[in-house]
Amino acid sequence: MSKLVMSRITCLHIEFIKCESDKKSSQLVDFFIKNKSKKMIVYFMTFASVDYCGVVLPRLAALKGLNLIPLHGKMKHVTR
């Protein structure tokens, strides 16, 4: 592996939150708010979840100004 690739790998930080189902949305919004200055990737279990969060989250007042980009494999290539 080249040094450039290794430096990228050592900079990654993986984190997860375990919570009750009814608390997922509020935990996600809190997580975004606390980490506004960081680049993040959030994984969802389904394409529908990505689509839903891609519409709902940017509309929340608490997340105004955050650059949220929903991506999944079923999107048209132009969108991705």
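The largest nonpolar core has six residues. They are Leu 28, Val 29, Phe 32, Cys 53, Leu 57 and Leu 63. Helix α2, which covers residues 24-34, gives the largest share of this core, with three residues. The model is a predicted one, and its confidence values come up further on.

Start with helix α2. Its buried residues are Leu 28, Val 29 and Phe 32. Viewed down the axis of α2, these buried residues fall within an arc of 95°, so they line one face of the helix. In general, nonpolar side chains of soluble globular proteins tend to be buried together.

Ser 25 is also in helix α2. Is Ser 25 buried or exposed? Ser 25 has a relative accessible area of 56%, so it counts as exposed, because the exposed class begins over 50%. The C-alpha atom of Ser 25 is separated by 9.3 Å from that of Leu 57. Along the chain, these two residues are 32 residues apart.

Cys 53 has a relative accessible area of 16%. That value is under 20%, so Cys 53 is buried. Leaving aside neighbours within four places in sequence, Cys 53 is in contact with Phe 44 and Pro 58.

Cys 19 makes a contrast. Its relative accessibility is 32%. Cys 19 therefore counts as partly exposed, because that class lies between 20% and 50%. How many disulfides does the model have? The count comes to zero. A disulfide is a covalent bond between the sulfur atoms of two cysteines.

Next comes an annotation. The unreviewed UniProt entry places a "transmembrane region" at residues 41-61. In the model, the span of residues 41-61 is 48% helix and 0% strand. Its end C-alpha atoms lie 21 Å apart.

Step back to the whole chain. Its secondary structure comes to three helices and zero strands. Read along the sequence, the pattern is α-α-α. The chain has 80 residues, and buried residues make up 12% of them.

How far can the picture be trusted? The mean pLDDT of the chain is 83, and 84% of its residues reach 70 or more. Among the elements of the chain, α2 has the highest mean pLDDT, at 92. Helix α1, residues 3-10, has the lowest, at 59. Where pLDDT is low, the predicted coordinates should not be read in detail.

Notes
Residues numbered from 1 in each chain as written. Heavy atoms only, no water. UniProt positions renumbered as here; feature names shortened; annotations may be inferred. Helix = DSSP H or I, 4+ residues; strand = E, 2+ residues; numbered from the N terminus. Disulfide = S-S within 2.5 Å. Buried < 20%, exposed > 50% of the residue type's maximum accessible area, 1.4 Å probe, protein only. Core = buried A, V, L, I, M, F, W, Y, C linked by side-chain atoms within 4.5 Å. Contact = heavy atoms within 4.5 Å. pLDDT = per-residue confidence, 0-100. Arc of directions from axis to C-beta.
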